[in-house]
Amino acid sequence: MLPFSYSARNLWNRPLRTTMTIAVIALVVVASSLFLGLISSLKRTLVSTGHPLNLVVMRKGSDNDGASALSQAAYQAIRFYDGIARNAADQPLVSPELVVQPFFWTREGGRENVLVRGVEPIALEVHDQVRIIAGRMFEPSAAEAIVGKSLVGRYEGTTLGSELRFGRGSWKVVGIFAAEGSSFESEVWVDVRELANDAKRPLPYSAIRLRANSEADFWLLKDRIEADPRYALQAERETDYYAKQSESANSLYILVVAIAVFSGIGAGFGAANTMYAAVQSRVAEIGTLRALGFSRGTILLAFQLEALLLAVAGFVAGAGLSVVLAASVGHWLKGIGFGAATFTTNVVQLRVGAGDLVASFVLTLVIGLLAGLGPAARAASLRPIEALRRG
């Protein structure tokens, strides 16, 4: 067997061509890693939202809060159903909520729809992912708001103590909340009654979120809510509700695969070109190795190893650049906005995870294997006498 150092040393005998090939492969890694990171970040944001024992109650036929409207009577009828969990003060964990989608102005002067959720204080117990990390909870009927941390600094008036203008008035930001990276961090919460008055909604709620005591109670509550003929309601598990919204990332996944395939083909041609040039410039060397007794398989393996080393070097450079770019996007852009089913913006924090890098690494290995296969086979097929004569 030829030593590993033989393959590694031969790459650096052609530094310019090797560096260009590594750069091309690194760009493929950057593109695939960032896109895969974006998809996984979006799915993680949506799928992590909600509690498995929470029910989302909406008007029948609605596919999201923004398309639903519920009456006060429906809320009063539901909140005392058996099977609903209660807090330490013996209050049912039922949160009547209203969502609207006003425009917020970005720091760059653009505007985006942001989801504003009207809630009551009990919402912090129903949505126990949410916790105040700065300031305090808003006071009811005081024109106060709390803001998800993904919005802070992205839009005008979203910092603690600022006046946030939307609808027909202004709201003082008295708190910042986190929600374990879920989509709630892309929302503004205010008092539900104030929001209904501001939006002049005849039906004050979009949906009702409630916590079941147990899995058995969950299904009993769901059946009872949907069987009630008075209000024509439907009930869905909260985690399922948000998981459906993450299906929008599937089209992006197809786009990433297409980009990876086409860019991988380009990188493969670059690596193959380097390897063919290596074979052409080392014909006499290959003949000498064959004359010394090295087999065709050994020559094939040595050149294939060179191609894989090119791919690995490109991956290392691209992976490092991907992590740096992802951190830079988070710092400078304050996240990436995605349209949600409620026609509002979900702010996703881009992160390139280990799984994204593993997928990119597999792609680079495929590039290295396929790009090196032809040149390696050509080198291995040279007859010793012919190679020495041509050299």
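**View A. In the predicted model, the backbone oxygen of Tyr 155 lies 2.7 Å from a polar atom of the Thr 158 side chain.** This model is predicted, so local features need pLDDT of at least 70 and side-chain atom pairs count only at pLDDT 80 or more, while totals for chains, interfaces and linings use all residues. Numbering starts from 1 along each chain as its sequence is written, and side-chain values use heavy atoms, leaving out hydrogens and water. A second polar atom pair involves the backbone nitrogen of Gly 153, 3.1 Å from a polar atom of the Thr 158 side chain. (Polar contacts are N or O pairs within 3.5 Å; within protein, one atom must be able to donate a hydrogen and the other to accept it, and residues adjacent in sequence count only if both atoms are side-chain atoms.) Thr 158 belongs to the loop between β7 and β8. (Helices, H or I of at least four residues, and strands, E of at least two, are DSSP runs numbered from the N terminus.) Thr 158 is buried, at 0% relative accessible area. (Buried is under 20% relative accessible area, exposed over 50%, partly exposed in between, with a 1.4 Å probe and protein chains only.) Leaving out residues up to four places away in sequence, Thr 158 touches Val 147, Leu 151, Val 152, Gly 153, Leu 164, Val 173 and Ile 176. (Contact is heavy atoms within 4.5 Å.)

**View B. Strand β9 (residues 169–178) is largely enclosed by the rest of the structure, because 7 of its 10 residues are buried.** (Strands pair if DSSP finds at least two bridges between them.) Strand β6 (residues 131–135) runs antiparallel to β9, joined by 4 bridges. Here Arg 131 stands opposite Ala 178 in β9. Strand β7 runs parallel to β9, with 5 bridges. Ala 145 faces its opposite residue, Val 173 in β9. Strand β8 pairs with β9 in the antiparallel sense, over 4 bridges. Phe 166 has Gly 169 in β9 as its bridge partner. Strands β8 and β9 form a hairpin, with 2 residues between them. Gly 167, in the turn, has a positive phi of about 65°.

**View C. Phe 104 and Tyr 155 belong to a set of aromatic pairs.** (Rings of Phe, Tyr and Trp, with its six-membered ring, pair if their centres lie within 6.5 Å; planes under 30 degrees apart are stacked, over 60 edge-to-face, the rest tilted.) By this rule there are 10 aromatic pairs. Phe 104 and Tyr 155 form one that is edge-to-face, at 5.8 Å centre to centre and 85° between the planes. The pair links distant parts of the chain, with its members 51 residues apart. Phe 104 is in strand β3 (residues 103–105). Tyr 155 is in the loop between β7 (144–148) and β8 (163–166). Phe 104 is buried, at 2% relative accessible area. Tyr 155 is buried too, at 3%.

**View D. Tyr 241 and Tyr 242 form an edge-to-face aromatic pair, 4.9 Å centre to centre with 90° between the planes.** Both tyrosines are buried. One aromatic cluster holds Phe 177, Phe 184, Trp 189, Tyr 241 and Tyr 242. The charged end of Arg 209 sits over the Tyr 241 ring, 5.5 Å from its centre. (A charge sits over a ring if NZ of Lys or CZ of Arg is within 6 Å of the ring centre and within 35 degrees of the ring normal.) Elsewhere, the charged end of Arg 224 sits over the ring of Tyr 81, 3.8 Å from its centre.

**View E. Val 188 and Leu 210 touch the most other members of the largest nonpolar core, which has 37 residues.** (A nonpolar core is a set of buried Ala, Val, Leu, Ile, Met, Phe, Trp, Tyr and Cys residues joined through side-chain atoms within 4.5 Å.) Apart from this core lies another, of 16 residues, including Val 56, Phe 138, Ile 146 and Ala 207. Neighbours within four places in sequence aside, Leu 210 is in contact with Leu 53, Asn 54, Leu 55, Val 57, Ile 78, Ile 84, Leu 93, Val 94, Val 126, Leu 221 and Ile 225.

**View F. Ile 78 lies in helix α3 (residues 72–78).** Ile 78 is buried, with 1% relative accessible area. Neighbours within four places in sequence aside, Ile 78 is in contact with Val 57, Ile 84, Ile 208, Leu 210, Ile 225 and Leu 233. The C-alpha atoms of Ile 78 and Val 94 are separated by 8.6 Å, and the two residues are 16 apart along the chain.

**View G. The whole chain has 12 helices and 14 strands.** Of its 391 residues, 50% are buried. Among contacts between residues at least 6 apart in sequence, 78% join residues at least 24 apart.
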